[in-house]
Amino acid sequence: MLKSKDFENQSEISRVKVLSEALPYIQKFAGRKIVVKYGGAAMKDSNLKDQVIRDIVLLSCVGIRPIVVHGGGPEINSWLGKLGIEPQFKDGLRVTDAPTMEVVEMVLVGRVNKEIVSLINQAGGRAVGLCGKDANLIKARPEGREGIGFVGEVSNVKIDILESLVDNGYIPVVSSVAADEKGQAYNINADTVAGEIAAAMDAEKLILLTDTAGILEDYHNPDSLIVKLDIQEARQLIEKGIVSGGMIPKVNCCVRSLAQGVRAAHILDGRVPHVLLQEIFTDSGVGSMIVSSLAVNNF
């Protein structure tokens with residue numbers, strides 16, 4: 001004879017409790033667009049990769065409309081090495097001459113993008129891979145600095161194809177390659193692409209997965225994480241040098257998207273298992289959240 005106590009399992013009870021607490025967030029964000037910039041360790045570590053992919057599919061299953069934007073720096077470096085091309089960087093940007101641009105496009109559009117699409121589809125989602133060239137999604141222009149080659153900026157975003165896909169339950173997966181008016185391909189920072197797409201799509205959230213805990217008041221102290229700040233405070237942190245190096249373009253990207261109407265921008269540690277779900281579906285959240293104004297009440 002089986003009794004109810006035989007079925008009691010603390011981990012199962014905890015799981016049900018978490019699901020119950022997620023309900024108001026699922027209700028709030030159902031039908032809303034969330035742009036996720038996917039990269040860093042979460043793209044390289046197979047276990048983390050599987051978790052991120054499953055989390056993206058789960059978001060789609062509960063009615064949220066995720067859009068994934070990705071880069072692929074390590075994979076690009078690997079293929080450049082195989083072809084005997086030495087990777088070069090200037091001011092933190094990849095120097096992208098014509099041969100390098102061919103490799104960047106081959107790797108991001110032909111390899112990394114299709115791998116992510118395949119993984120999402122295997123996990124039960126419906127993903128469609130795109131780059132900026134598809135349906136003129138992104139128009140590029142030169143970044144402008146000398147000696148960096150075909151490194152671009154976003155000139156314009158045409159969202160028709162993205163709207164059509166998300167409205168029909170598909171998960172767009174966008175690689176950060178686009179072309180200018182003459183058809184010249186450019187390599188664009190994936191954070192920038194994610195921010196501009198989030199703004200153009202009137203997204204609820206922009207989420208950048210990184211290899212840091214978020215914005216730290218003291219870079220050497222992980223306990224100094226700044227959990228929530230507004231645009232003005234973010235700019236002050238850059239001016240004071242507290243936000244520096246590779247974090248500057250990420251914070252600027254968040255600020256720019258917020259100024260164009262995105263409700264909240266998040267910088268999350270992609271090395272944390274299921275970090276997307278923790279941020280979106282829990283009261284505490286994780287990482288750093290930037291909002292337009294702290295006077296505005298945000299989930």
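Eight nonpolar residues, two polar and one charged make up the lining of the second largest pocket. The model is a predicted one. This pocket holds about 340 Å³ of space. Eleven residues line it, and Val18, Leu19, Leu58, Leu277 and Phe281 lie nearest its centre. Two elements give two or more residues to this lining: helix H1 (10–29) and helix H10 (275–281). H1 gives the most, with five residues.

How is such a space found? Rolling a probe the size of a water molecule over the atoms shows where empty space is left.

Now turn to the largest pocket. About 1,400 Å³ of space lies in it. Its lining has 47 residues. Nearest the centre are Lys37, Asn189, Ala190, Asp191 and Lys250. The lining divides into 16 nonpolar, 15 polar and 16 charged residues. Which helix gives the most to this lining? Helix H9 does, with six residues.

H9 also packs against another helix. Its partner is H7, which covers residues 190–200, while H9 covers residues 247–259. The two axes lie 9 Å apart, at an angle of about 10 degrees. Angles under 35 degrees count as roughly parallel, so H7 is roughly parallel to H9. Which residues make the contact? From H7 come Asp191, Thr192, Gly195, Glu196 and Ala199. From H9 come Lys250, Cys253, Arg256 and Ser257. By type, the contact residues are two nonpolar, three polar and four charged. Look again at Asp191 and Lys250. Both take part in this contact, and both are among the residues nearest the centre of the largest pocket.

Last come the aromatic rings. A pair of aromatic rings is described by the distance of the centres and the angle of the planes. The count here comes to one aromatic pair. Its members are phenylalanine 150 and tyrosine 186, with ring centres 5.9 Å apart. Their planes stand at 80 degrees. Planes over 60 degrees apart count as edge-to-face, so this pair is edge-to-face. Where do the two residues sit? Phenylalanine 150 lies in the loop between strand S6 (138–142) and strand S7 (151–157). Tyrosine 186 lies in strand S10 (residues 185–188). The pair therefore ties together parts that are 36 residues apart in sequence.

Notes. Residues numbered from 1 in each chain as written. Predicted model: local features only at pLDDT ≥ 70, side-chain atom pairs only at ≥ 80, totals over all residues. Heavy atoms only, no water. Axes fitted to C-alpha atoms, helices over the stretch in contact; angles between N-to-C directions. Helix = DSSP H or I, 4+ residues; strand = E, 2+ residues; numbered from the N terminus. Parallel < 35°, antiparallel > 145°, perpendicular 65-115°, else oblique. Contact = heavy atoms within 4.5 Å. Nonpolar A, V, L, I, M, F, W, Y, C, P; charged D, E, K, R; others polar. 1 Å grid on protein atoms, 1.4 Å probe; cavity = no way out; pocket = protein on both sides within 12 Å on 5 of 7 lines; lining within 4 Å. Points joined across faces, edges and corners; volume = space filled by probe spheres on them. Phe/Tyr/Trp six-rings, centres within 6.5 Å; stacked < 30°, edge-to-face > 60°.
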